[in-house]
Amino acid sequence: MTKLIVGLGNPGQRYAHTRHNVGFDVIDALADKWGVTVNALKWKAKIGETRREGEKILLMKPQTYMNLSGEAVREAVAFYRLAPQDVIVVLDDVDIRLGTVRIRERGSAGTHNGLRSVVKELGFTDFPRIRLSIGRRPAPMDIADFVLSHFSDAEWVTITEERDAAVQAVETMLKDGPTAAMNQWNGWLAPSMQQETEEQRAREEQLEAERARQDEFLKHAKRCGE
């Protein structure tokens, strides 16, 4: 039995450790923990191989850039004739609270272009995925600029906690399945966020309201221009 664990991101030093590349960071952390080298070039991706829980495990970092990530995933899935439940995708999420991870057994791609590419190329949506929060976009900032930006020092502390949680979630998933991983990690909150003050929560609520107003304005402006 073979499992494919895919971290989504963009190749190249320019994008290293940006918000959009947390999927790559999780793959690197898994590789470090398991003693795996992820540098073999195959299927338009960097690949590493190992065995865990009696199964062959492939670690993948697509090298096609985010929007074409599915091409690499499709080739590996076809080569090994993998079932949907044998594919685990790790990616960033701008819509969940910083300091959390979210695990699902299946679902739509939403607005994430990398996940959209995976769904398009595979032709199915019932594969497990692990989402890591990368924080909420400041209201005036374009979403593309935000996901390609770097974390602040304070954010990076939280992101490393999320990364470590995602590594453990992958291990739970391999050993006990997606449901066990969901039960264990979907209610988890990073230690660095557990001391959040009332003032910080109020500020986050204010920013969320500003983002909602901006999104509504942009939708209205688009309708007026049609």
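Leaving aside its neighbours within four places in sequence, which residues is L59 in contact with? In this predicted model, where local features need pLDDT of at least 70 and side-chain atom pairs count only at pLDDT 80 or more, while totals for chains, interfaces and linings use all residues, contact means heavy atoms within 4.5 Å. With those neighbours set aside, L59 is in contact with I5, I27, L30, A31, W34, V36, V38, K46, I47 and G48. Residues are numbered from 1 along each chain as its sequence is written, and side-chain values use heavy atoms, with hydrogens and water left out.

The protein contains seven helices and seven strands, these being DSSP runs numbered from the N terminus (H or I over at least four residues for helices, E over at least two for strands). Along the sequence their order is β-α-β-β-β-α-β-β-α-β-α-α-α-α. Of the contacts in the protein with a separation of 6 or more, 70% are accounted for by residues 24 or more positions apart. Buried residues, defined by a relative accessible area under 20% (1.4 Å probe, protein chains only), make up 50% of the 226 residues. The protein exposes about 11500 Å², of which carbon and sulfur atoms supply 48%, the areas coming from the Shrake-Rupley method with a 1.4 Å probe.

Strand β1 (residues 2-7) is largely enclosed by the rest of the structure, because six of its six residues are buried. Both of its faces are covered, with T2, L4 and V6 buried on one side and K3, I5 and G7 buried on the other. Pairing, which requires that DSSP find at least two bridges between two strands, links β1 in the parallel sense to strand β4 (residues 55-62) over five bridges, and V6 has M60 of β4 as its bridge partner. A parallel pairing over four bridges also joins β1 to strand β5 (residues 87-93), where I5 stands opposite I88.
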